[in-house]
Amino acid sequence: MSQITSRYPETYAGWQQDPEAYWAKAAEALQWDRKWDRVFDPALGNFGQWFAGGRLNTSFNALDRHVAAGRADQAALIWDSAMEGRVERFTYRELRDRTAKFAGALRVLGVGYGDRVVIYMPMVPEAAIAMLACARLGAIHSVVFGGFASAEVAKRIEDATPKVIVTASCGLEPGRVIPYLPLLNGAIEISAHKPDACIVLQRRMLQADLVPGRDHDFAIVEAAASPADPVSVLATDPLYILYTSGTTGKPKGIVRDNGGHAVALVNSMPMIYGLNPGDVFWTASDVGWVVGHSYIVYAPLLAGCTSVMYEGKPVGTPDAGAFWRVCAQHGVKVLFTAPTAFRAIRQQDPTAAELAKYDISKLEALYLAGERCDPPTAIWANEILGLPVVDHWWQTETGWPITAGFRGLGLFPAKPGSGGRPAPGYAVEVIDDEGQLLPSGHTGNLVIRMPMPPGAAPTLWHNADGYHTAYMADFAGYYRTGDAGMIDADGDVSVMGRTDDIINVAGHRLSTGAMEEVLASHPAVAECAVIGAYDQLKGQIPVGLVVLKAGITTAHAEVSRELVALVRERIGPVAAFKDARVVLRLPKTRSGKILRATIRRIADGETVVVPPTIDDPAILDEIGAVLRPD
Ligand code: COA
Ligand code: AMP
């Protein structure tokens with residue numbers, strides 16, 4: 001990293017010396033209804049809580065505050081749909097008014113403080129409006145990504161027990177319209193919990209059949225409602241629950257609070273991204289993921305920026321110039337996406353011929369996250385754009401970057417493969433499996449010294465013990481990130497991959513455990529393992545190995561087809577599960593544990609050291625013959 005006039009060292013040291021003073025100062029950027037009793041109360045929750053006793057409203061701070069401060073006519077949200085070929089702009093006043101009206105509509109349907117609302121929507125502005133409307137009422141939203149199938153949606157409905165579900169008639173994927181109501185109806189049927197009502201946004205491409213007595217038309221209820229005022233909530237009250245993959249089939253309900261979240265995000269915008277009020281920020285992700293929650297909706301609005309919300313892909317909608325078209329058309333200053341999007345663009349347009357067609361002179365930096373960025377992609381992006389390419393590392397749990405380059409502090413990255421330095425708020429260390437600190441340059445478990453900063457999840461929904469077990473039990477005094485990596489002599493952190501059974505497919509976090517549960521439910525399958533194999537475009541793709549029950553005579557190709565269809569039906573297309581192979585046996589330790597890491601190394605063509613605990617080394621050759629027949 002280049003160190004020219006960087007204010008990073010003093011800022012980080014300032015936080016280290018007095019974390020409470022650092023965060024109290026950051027909190028001044030917001031409007032509070034009541035000041036906190038303590039900046040940090042270590043006696044509360046799993047590891048303490050931030051801004052206990054303070055009161056505010058996140059929606060007010062994201063919208064009304066800016067309207068009052070003279071930004072009423074500035075664009076808050078620009079919706080650009082490559083799928084519909086349409087752009088819609090919302091000023092801060094318009095977004096505030098629509099949010100207030102939709103909050104009124106939710107209130108009519110009985111939604112109030114503390115109630116849950118599931119939002120299962122594609123990338124339409126009404127998804128952001130629904131989120132902000134829940135925040136306005138002090139209700140807790142839980143957004144579910146559109147690529148999940150009914151059974152996954154059902155798990156989330158059952159855990160969050162929403163009063164109301166907000167959805168749309170359809171999502172749009174290249175070449176196909178995806179009707180949402182059949183998926184949602186299927187989910188509600190499976191779920192033991194039933195919502196009182198659903199609100200359906202009718203899109204022009206598909207009019208959904210509404211269930212009488214249960215479903216309401218989004219436009220009609222919004223038009224009929226009177227605007228709702230923001231409800232003052234405790235800083236420690238939940239703003240949202242976002243389900244993410246754990247190591248089992250049961251997703252984890254990550255809870256985000258109101259106060260710490262708003263403070264951390266508003267602080268991150270100038271410091272990390274170098275963005276100020278009025279600047280245009282585009283995060284090319286989906287509101288169904290944490291990146292979309294934080295950097296399409298909440299952070300840009302809390303900071304008074306203009307956020308671009310894009311419905312489309314980096315390629316094919318219509319071509320590999322789509323990102324440059326959006327940057328040029330809306331004057332984007334900072335673009336944030338996953339490396340896989342750039343790999344897709346590079347694959348189709350290696351010489352970046354499309355880029356020459358657009359004036360993207362307003363663009364100042366590219367931020368990447370969601371998966372490890374391979375150095376060739378970072379270097380290519382830097383070469384074609386001639387701009388800083390900032391890889392930064394974070395997770396659904398943290399809600400904002402753990403490590404980054406800091407444009408606002410004059411610290412730019414110059415090391416492809418590294419995720420940058422720890423953000424003030426995070427003390428990142430590397431330890432071995434016994435909890436011993438490792439020296440710089442050594443790879444081990446990446447951990448964060450407790451307490452976690454504002455914005456990081458304080459707990460799991462109705463499962464404080466689960467939070468403790470997942471993140472705090474393994475290494476006393478630390479938060480376990482589940483990532484492996486190292487810190488070099490300069491203090492730059494490199495994240496190499498997960499230490500558990502989570503994989504990252506096209507920037508989407510998926511559980512191999514969840515896929516194994518589906519494979520194991522097939523009547524022909526005796527046992528199975530799913531691993532994340534290297535993929536040039538998506539980073540990783542899931543590959544399933546199954547052992548069939550004795551006496552099964554079905555052709556292997558037929559079983560594979562059924563397994564692929566089953567994962568798509570139960571988890572959804574987002575799993576990108578397209579490869580199931582039949583093997584005679586799986587490599588295991590003598591105690592019966594499947595050696596998944598060894599299988600992955602074989603799939604990736606790495607040199608495999610035969611594990612000393614393996615029960616029969618000959619199996620490795622058999623697996624190699626199936627995974628790499630050439
Ligand atoms: N609703 C319904 N289906 C969806 C969906 C949604 N919201 N999102 C994805 N899918 C489907 C896709 O259509 C695809 O279906 P298919 O198997 O029939 O082709 C499947 O889920 C897998 O999607 P994906 O892994 O995204 O692959 P893709 O081939 O459609 O696109 C990329 C590949 C790289 C272009 C795409 O993943 C991308 O743009 N990624 C950007 C990264 C990103 O947004 N990351 C989020 C975290 S920052
Ligand atoms: P998610 O919770 O979906 O945001 O996924 C979080 C996981 O994605 C992390 O635990 C990492 O494994 C991976 N990840 C996110 N950002 C990066 C990055 N910049 N470099 C390497 N891995 C990353």
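How far is an oxygen atom of ligand 1 from an N or O atom in the side chain of lysine 313? In this predicted model, the separation between the ligand 1 oxygen and the lysine 313 side-chain atom is 3.1 Å. An N or O atom in the side chain of glutamate 173 lies 2.5 Å from an oxygen atom of ligand 1, and for the side chain of lysine 538 the corresponding distance to a ligand oxygen is 3.0 Å. On its own, ligand 1 has 940 Å² of accessible area, and the protein covers 84% of this.

The shell around ligand 1 comprises 22 residues. Glu173, Pro314, Lys538, Arg568 and Lys578 are the closest of these. By residue class, the shell of ligand 1 contains ten nonpolar, six polar and six charged residues. Both domains take part in this shell: domain 1 (3–312 + 392–482) and domain 2 (503–627) each supply at least three residues.

The arrangement of the two domains was examined next. The domain assignment divides the chain into domain 1, which spans 3–312 + 392–482, and domain 2, which spans 503–627. Taken over C-alpha atoms, the centres of domain 1 and domain 2 are separated by 33 Å. Domain 1 contributes 17 residues to the contact, and domain 2 contributes 14 residues.

Interface size is often expressed as the accessible area that is lost when the parts come together. Between domain 1 and domain 2, the buried area is about 1,100 Å², with carbon and sulfur atoms giving 50% of it. The polar side of this interface includes eight residue pairs in polar contact, both residues of each pair having pLDDT 80 or more. The side of domain 1 that touches domain 2 is made up of five nonpolar, nine polar and three charged residues. One salt bridge is counted between the two domains. A salt bridge joins glutamate 397 to arginine 509, with 2.9 Å between the closest N and O atoms.

Ligand 2 is surrounded by 15 residues, the closest being His392, Thr396, Asp483, Arg498 and Arg509. The shell around ligand 2 divides into four nonpolar, five polar and six charged residues.

Polar atoms of ligand 2 are approached by both backbone and side-chain groups. A polar backbone atom of histidine 392 lies 2.7 Å from a nitrogen atom of ligand 2. The side chain of glutamine 395 places an N or O atom 3.0 Å from an oxygen atom of ligand 2, and the side chain of asparagine 504 likewise has an N or O atom 3.0 Å from a ligand 2 oxygen. Taken alone, ligand 2 exposes 490 Å², of which the protein buries 94%.

Terms used
Residues are numbered from 1 along each chain as its sequence is written. Chains are lettered from A and ligands numbered from 1 in the order in which they are written. This is a predicted model: local features need pLDDT of at least 70, side-chain atom pairs count only at pLDDT 80 or more; totals for chains, interfaces and linings use all residues. Side-chain values use heavy atoms; hydrogens and water are left out. A residue is near a molecule or strand if one of its heavy atoms lies within 4 Å of it. A polar contact is a pair of N or O atoms within 3.5 Å; within protein, one must be able to donate a hydrogen and the other to accept it, and residues adjacent in sequence count only if both atoms are side-chain atoms. Accessible areas come from the Shrake-Rupley method with a 1.4 Å probe; for residues, only the protein chains shown count as cover. Ala, Val, Leu, Ile, Met, Phe, Trp, Tyr, Cys and Pro count as nonpolar, Asp, Glu, Lys and Arg as charged, and the others, Gly among them, as polar. Domain bounds come from an automatic or database domain assignment. Contact means heavy atoms within 4.5 Å. Buried area is the accessible area (1.4 Å probe) that two parts lose on being put together, summed over both. A salt bridge is a side-chain nitrogen of Lys or Arg within 4 Å of a carboxyl oxygen of Asp or Glu.
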